[in-house]
Amino acid sequence: MPPRLRGDLALGRSWTGPVPDGGALREGGLATVALAGVGEGAGLGVLAVFSRSDRPYAAADVAALEELAAQAAASLTVSVLQQEVRELGTIDPLTRFFNARYFASRIDQECQRALRAGVPLSVAIMQLDGLDDLRAEGRSTAAETAIEALARHVAGRLRAMDVGCRLDADELAAILPEVEGLDALRVCERLRASLGDVPELAGAFTLSVGVASFPSHAGRPDGLVDNARSALAWAREHGGDRTFLFHTDTAEILRREEEDRGADDGAVLATVVSLAASVDARHPATRHHSENVGRVAALLAAEAGLGPEHAERVRVAGLLHDVGKIGVSDDVVAAEGPLTEAQAAELSRHPEIGQRMLAGSHLAGLAAWVLHHHERMDGRGHPMGLRGGEIPLESRIIAVADAFDRLVSGGPGRPAVPIGEALDELGRRAGDELDPAVVGHLRALAGRGELGPGPRTTSEETA
């Protein structure tokens with residue numbers, strides 16, 4: 001066997017070429033040999049030798065073939081052993097992240113440490129959308145280049161205590177100690193949103209991320225990883241370019257939605273409903289805000305003549321109207337004084353973030369209502385500057401319900417006011433900012449005593 005062939009086989013490469021001159025095989029009329037590994041790691045091989053002659057193989061030919069096969073097997077064995085040695089290491093040579101073997105042991109260690117210290121732990125699993133297509137087209141080199149660029153992007157945004165890993169060819173993971181739930185999701189959402197800053201990836205790829213936390217979402221390391229993978233699958237199944245957070249209620253909600261309408265819609269709704277509550281929980285004074293907005297919006301929709309099913313969809317949109325604030329920093333969301341220009345600009349992006357999270361399947365209509373709930377009747381709102389009737393009625397309803405609850409419930413730096421004062425204030429804002437007809441519906445509901453107190457944050461809860 002030529003030395004070059006031995007080297008190729010030792011690296012696990014397939015090979016085809018002529019039988020060397022001067023050997024017994026060539027003298028017997030055998031012309032070409034092909035060696036191709038079969039199976040993962042090239043642990044199994046097939047040897048095929050082709051002859052220009054029609055004569056049967058002699059015993060000497062068979063012996064020579066057996067010798068060639070033995071040499072090929074020895075080379076393949078070396079290849080497998082070298083691969084196993086590489087896998088015993090902890091570093092993926094392309095990304096310089098830790099490998100899957102290390103991840104499995106480290107996640108166990110981190111979960112044990114979290115339990116001992118009484119602190120949380122989160123795992124994020126991410127994948128570039130579009131990488132599958134590259135692999136299918138046989139462009140593995142381009143796919144590997146993209147993975148390498150993503151790893152650099154992620155590494156530059158991890159804390160010193162975080163751990164980056166490559167789980168398989170197309171999956172990266174980050175172990176995030178002492179972070180859980182909404183905070184972990186916000187870290188990953190900012191990572192996803194900044195993918196356009198990577199020249200090698202901008203415009204060609206988007207990123208999907210699944211997040212789960214320990215011990216709130218899983219009591220065992222393997223369950224934590226499974227939940228993060230489930231969240232990643234939901235993100236990818238709903239168009240990609242989004243971050244999903246697993247929630248303990250999600251599996252049951254998803255199961256019911258699958259029975260009623262199929263998994264396509266339920267995964268989105270289950271996740272964002274849990275996020276809506278998490279957004280409100282970032283400040284005690286807004287704990288029930290989204291719930292209140294959804295309740296009042298449904299009443300307003302019915303008062304405006306919308307049917308029961310339509311009103312229910314408006315309620316859900318009201319419940320989810322602020323879900324995009326997961327991408328806004330705490331110091332902006334819970335600010336108790338005037339916002340700076342930069343903070344106001346950051347906050348103004350939350351309807352677009354919410355729309356992107358909700359887009360897809362039957363929630364597309366809700367996504368549009370959420371997107372436009374900060375438009376103004378005079379066209380000076382955002383994000384599109386729609387005016388009057390250009391704004392969806394549902395968005396105008398949510399805007400009034402939102403403004404009403406902020407007044408009667410208060411908020412960071414804002415004392416609550418009585419319903420009568422709130423109605424007077426909304427009346428002053430009608431026409432320029434709010435739809436006068438919807439404000440009129442609100443007055444009618446209040447006059448009949450149908451608004452009710454709704455859930456409120458009591459002094460005991462705040463304490």
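## Cysteines

Across the whole structure, a search finds zero disulfides, a disulfide being a pair of cysteine sulfur atoms within 2.5 Å. The model is predicted, so local features need pLDDT of at least 70 and side-chain atom pairs count only at pLDDT 80 or more, while totals for chains, interfaces and linings use all residues. Residues are numbered from 1 along each chain as its sequence is written, and side-chain values use heavy atoms, with hydrogens and water left out.

C165 is buried, with a relative accessible area of 0%, and C188 also counts as buried, at 2% relative accessibility; buried means under 20% relative accessible area (1.4 Å probe, protein chains only).

Strand β4 (residues 121–129) has nine of its nine residues buried, so it is largely enclosed by the rest of the structure; strands here are DSSP runs of E, at least two residues in length, numbered from the N terminus.

β4 runs antiparallel to strand β6 (residues 172–177), to which six bridges join it, and M126 stands opposite L172 in β6. β4 is also antiparallel to strand β7 (residues 206–214), through nine bridges, with D129 opposite T206 in β7.

## Helices α12 and α17

The axes of helix α12 (residues 308–319) and helix α17 (residues 393–409) come within 10 Å and cross at roughly 55°, the axes being lines fitted to C-alpha atoms over the stretch in contact, with angles from 0 to 180 degrees between N-to-C directions. That makes α12 oblique to α17.

In this pair, H310, V314, A317 and G318 in α12 meet E394, I397 and I398 in α17, where contact means heavy atoms within 4.5 Å.

Key
Buried < 20%, exposed > 50% of the residue type's maximum accessible area, 1.4 Å probe, protein only. Helix = DSSP H or I, 4+ residues; strand = E, 2+ residues; numbered from the N terminus. Pairing = 2+ DSSP bridges. Parallel < 35°, antiparallel > 145°, perpendicular 65-115°, else oblique.
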